[in-house]
Amino acid sequence: MTDIFSQADHRYMAQALTLARKGLYTTDPNPRVGCVIVLNGQVVGEGFHLRAGEAHAEIHALEAAGELAEGATAYVTLEPCSHTGRTGPCAQALTIAQVSRVVVAMVDPNPQVSGRGIRMLEEAGIEVAVGLLESEARALNPGFIARMTTQRPFVRLKMAMSLDGRTAMGSGESQWITGPEARTQVQRLRARSSAILSGVESIIMDDARLTLRPEQLKLANADDIVIRQPLRVILDTHLRLPLAAACLTEPGRTLVITTPDHSAEKRARLTQAGAEVQVLPAGNDGRIDLALMLQWLVENEQVNELLVETGATLAGAMLDAELVDELQLFVAPTLLGGDARPLFALPGLARMADQRRLAIHDMRAVGRDWRIIASPLTTSAIGDTKVP
């Protein structure tokens with residue numbers, strides 16, 4: 001393998017990354033991948049992965065290139081796969097097409113397949129170069145990387161607050177703190193996520209639907225995006241979710257996670273209302289074990305990116321357990337006052353030495369509001385958390 005890249009290599013890999021971003025909202029649970037095939041300084045084929053079960057980026061690019069793929073260079077944002085799943089191995093397809101060189105942005109993070117695609121290409125006599133624009137490639141797939149390397153999702157916590165750090169009035173009234181532009185950004189966060197997590201108290205207070213709405217996404221392909229509604233996950237220790245909750249009748253699935261201390265009859269009623277009920281062990285505090293819940297979502301639902309939209313208690317618990325990779329805070333230029341509800345309920349912060357510091361990665365205006373992207377300094381970041 002070589003690590004020497006030309007200006008042309010950088011240009012074509014950047015083009016492949018741009019293609020990969022076209023699958024940002026649709027590829028789940030697969031990674032977002034782009035491919036560009038170049039012969040004698042001319043792009044002869046390009047493609048990206050659109051949806052799980054459909055052709056991978058390399059296959060689309062090879063089909064576009066046809067016979068011109070022979071002797072060409074293929075630029076791929078993720079190591080070509082070496083196994084047969086719902087589609088054939090892309091490393092084999094590149095070999096059959098007789099490309100002469102493959103430039104790979106990053107190695108597949110799946111430890112069971114990592115490096116095999118590269119070895120398959122090299123054993124076929126194809127030159128392989130790895131690591132070009134790797135950080136940009138990692139930024140496209142933080143959830144896939146997290147699932148493969150840590151066996152938990154990339155957890156993104158979204159909160160909307162007033163300038164004085166409040167999320168709702170004391171009565172619980174919260175709609176709307178932020179403006180329509182911020183709500184569009186939240187819809188896009190939902191669209192890129194495998195699942196949306198909330199606590200039952202938030203559902204009871206707002207009757208939140210936790211769905212994608214094409215008119216709020218404001219994207220040309222919004223109708224195609226909403227075909228895949230993210231899994232709705234509600235933590236409900238005492239099984240208090242109302243049977244008439246709006247989220248139970250929306251398109252897609254609603255999964256209620258609870259503890260064993262409930263009758264089969266109570267769980268059956270909720271199932272009949274449209275929910276799927278999963279029982280998980282409780283932690284020492286009698287509540288759902290959050291780390292175990294994340295592991296279960298990875299193992300059973302292939303959750304890459306988990307968007308947490310909830311109230312102060314669950315948000316504080318996730319932060320306290322160091323289970324949050326990224327915070328997206330939408331700040332509205334308004335004041336709700338001292339009786340309004342706080343952003344986080346964080347236990348044990350009695351001294352300045354106990355404060356939880358954040359690293360801010362991005363801050364920008366969104367309509368009349370501001371969006372802050374940050375990560376807890378106590379949590380190791382997986383890849384680059386900047387939004388593509």
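Guide: I360, M363 and W370 form a nonpolar surface patch of about 340 Å². Nonpolar side chains (Val, Leu, Ile, Met, Phe, Trp, Tyr) are joined within 5 Å, and like charges within 9 Å. Areas follow the Shrake-Rupley method with a 1.4 Å probe; for residues, only the protein chains shown count as cover.

The model is predicted: local features need pLDDT of at least 70, side-chain atom pairs count only at pLDDT 80 or more, and totals for chains, interfaces and linings use all residues. Residues are numbered from 1 along each chain as its sequence is written, and side-chain values use heavy atoms, without hydrogens and water.

W370 sits in strand 16 (residues 369–376). Strands are DSSP runs of E, at least two residues, numbered from the N terminus. W370 counts as partly exposed because its relative accessibility is 44%; buried means under 20%, exposed over 50%, and partly exposed in between.

Now T167. Strand 7 (residues 166–168) holds T167. T167 is buried, at 17% relative accessible area. A polar atom of the T167 side chain lies 3.5 Å from the backbone oxygen of P342.

Last, I37. Leaving aside neighbours within four places in sequence, its contacts (heavy atoms within 4.5 Å) include Q42, V43, L62 and A74.

Conventions. Patches are made of residues with over 30% relative accessible area and no salt bridge: like charges are joined within 9 Å, nonpolar side chains (Val, Leu, Ile, Met, Phe, Trp, Tyr) within 5 Å. A salt bridge is a side-chain nitrogen of Lys or Arg within 4 Å of a carboxyl oxygen of Asp or Glu. Helices (H or I, at least four residues) and strands (E, at least two) are DSSP runs, numbered from the N terminus. Buried means under 20% relative accessible area, exposed over 50%, partly exposed in between (1.4 Å probe, protein chains only). A polar contact is a pair of N or O atoms within 3.5 Å; within protein, one must be able to donate a hydrogen and the other to accept it, and residues adjacent in sequence count only if both atoms are side-chain atoms.
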